[in-house]
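Here is a short briefing on the fold, the contacts and the cores of this structure. Please keep the sequence and the 3D view at hand.

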Amino acid sequence: MNIMFLSCKQVTELVEKKQLVGLSTIESMRFRLHVVMCAACKSYERQSLLIEQALKRMIQVSRSDKDAAQLHPDTKLKILEKIKTSK
Amino acid sequence: MPHDVESWFHKYSDELFRWSFYKTSSREIAEDLVQETFLAAVKNHKNFEEKASAKTWLFSILNHKIIDYYRKKVKSITVDGTRAEQNFVQQTDSHFDAHQRWTLSKGAVLWEEESHLLDNMEFRKVMGSCMAELPENWRLVITSKYLLNKKGQEICQELKVTPSNYWQMVHRAKLMLKKCIDRLWKR
Ligand SMILES: [Zn+2]
């Protein structure tokens, strides 16, 4: 492993680190140095951010899908029974 | 007294269920957590202060159960990954060659350059199928920060993992999603 140059795999890890807690000065320098020269990693960073936004959107949609969800009546009876018998 | 808890159950169980269903994305898990919540309420009934709102109290019990559920799931990834997860780790490693450079197929689609991608129904469908291909625990890791509504360090504290552990898990899951989208997204 080279001190100055990161591998693509390391860069893709740093893409996530960058989003989660940010990079140190050294990391950020190495990161930029790599991305300037590597189209695949540059495009991966944008893809990672897009996936992130898509996930967020998916979660919002899944919430509205569950707006009318109810416990199954049989499950309700079962749980009520357990409440009654546990003390 | 179980008597109170029974009437709370009639009043709040559906609302609690919807919340835990949304947080866990699984009907069965959500039902279990609701049941555990009410049983805990019976057991700890004397800790409930009459002036407090029963609904708030029940939700706080449920929220603890939800976090516990997440922690257990995330822990099971790091401690004893299942076979499916081991395969998954090998698969993401194969995205890189011996020098850790991308092994991209020649015709890789630059889907990130598409405009309005997030509003595109086809893309959302692709995203849904790709999420379904992820092992369950990894899916949970990458959705956790939105479901638990925490960012950065906070989500790591909540899940009791180190940041480096967390971003490595997210890294693997993202690589899988990327490859899957590359495969399914055709122009
Ligand atoms: Zn690269």
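This is a predicted model: local features need pLDDT of at least 70, side-chain atom pairs count only at pLDDT 80 or more; totals for chains, interfaces and linings use all residues.

Chain A has 4 helices and 0 strands, while chain B has 8 helices and 0 strands. Chain B is divided into two domains by the domain assignment. 44 residues of chain B are in contact with 40 residues of chain A.

**Chain A**

- Along the sequence, chain A reads α-α-α-α.
- Chain A is more spread out than a compact globule, because its radius of gyration is 24 Å, well over the 12 Å that the globule rule gives for 87 residues.
- The C-alpha trace of chain A spans about 65 × 30 × 20 Å along its principal axes.
- Of the 87 residues in chain A, 23% are buried.

**Chain B**

- The pattern along chain B is α-α-α-α-α-α-α-α.
- Chain B has a radius of gyration of 21 Å, whereas a compact globule of 187 residues would have one near 16 Å.
- About 65 × 35 × 30 Å is the span of the C-alpha trace of chain B along its principal axes.
- Buried residues account for 34% of the 187 residues in chain B.
- Take the contacts in chain B between residues at least 6 apart in sequence: 69% of them join residues at least 24 apart.

**Domains of chain B**

- Domain 1 of chain B covers 2-77, and domain 2 of chain B covers 81-184.
- The C-alpha centres of domain 1 and domain 2 of chain B are 30 Å apart.
- In chain B, 8 residues of domain 1 are in contact with 13 residues of domain 2.
- On the domain 1 side of this contact, helix H3 (residues 54-79) of chain B gives the most, with 7 residues.
- By class, that side of domain 1 of chain B has 4 nonpolar, 1 polar and 3 charged residues.

**Interface between the chains**

- Contact between the chains involves 44 residues of chain B and 40 residues of chain A.
- On the chain B side, the elements that give two or more residues are helices H1 (2-24), H2 (27-43), H6 (136-147), H7 (152-159) and H8 (163-184) of chain B.
- The side of chain B that touches chain A has 26 nonpolar, 10 polar and 8 charged residues.

**Nonpolar cores**

- In soluble globular proteins, nonpolar side chains tend to be buried together.
- The largest nonpolar core has 50 residues, and those with the most contacts inside it are Val34(B), Val141(B) and Ala173(B).
- Helix H3 (39-65) of chain A gives two or more residues to this core, as do H1, H2, H3, helix H5 (121-133), H6, H7 and H8 of chain B.
- H8(B) gives the most to this core, with 9 residues.
- Domain 1 (2-77) and domain 2 (81-184) of chain B both give residues to this core, so the core lies between them.
- Which residues does Val34(B) contact, leaving aside its neighbours within four places in sequence? In chain A they are Leu71(A) and Ile79(A); in chain B they are Ser13(B), Leu16(B), Phe17(B) and Ser20(B).
- A second, separate core has 9 residues, among them Leu6(A), Leu14(A), Val15(A) and Trp102(B).

Definitions and conventions:
Residues are numbered from 1 along each chain as its sequence is written. Chains are lettered from A and ligands numbered from 1 in the order in which they are written. The radius of gyration is taken over C-alpha atoms; the globule rule is 2.2 Å times the number of residues to the power 0.38. A residue is buried if 20 or more other C-beta atoms lie within 10 Å of its own, exposed if 12 or fewer, and partly exposed in between; C-beta atoms are placed from the backbone. Domain bounds come from an automatic or database domain assignment. Two residues are in contact if their C-beta atoms, placed from the backbone, lie within 7 Å. Ala, Val, Leu, Ile, Met, Phe, Trp, Tyr, Cys and Pro count as nonpolar, Asp, Glu, Lys and Arg as charged, and the others, Gly among them, as polar. A nonpolar core is a set of buried Ala, Val, Leu, Ile, Met, Phe, Trp, Tyr and Cys residues joined through C-beta atoms within 7 Å.
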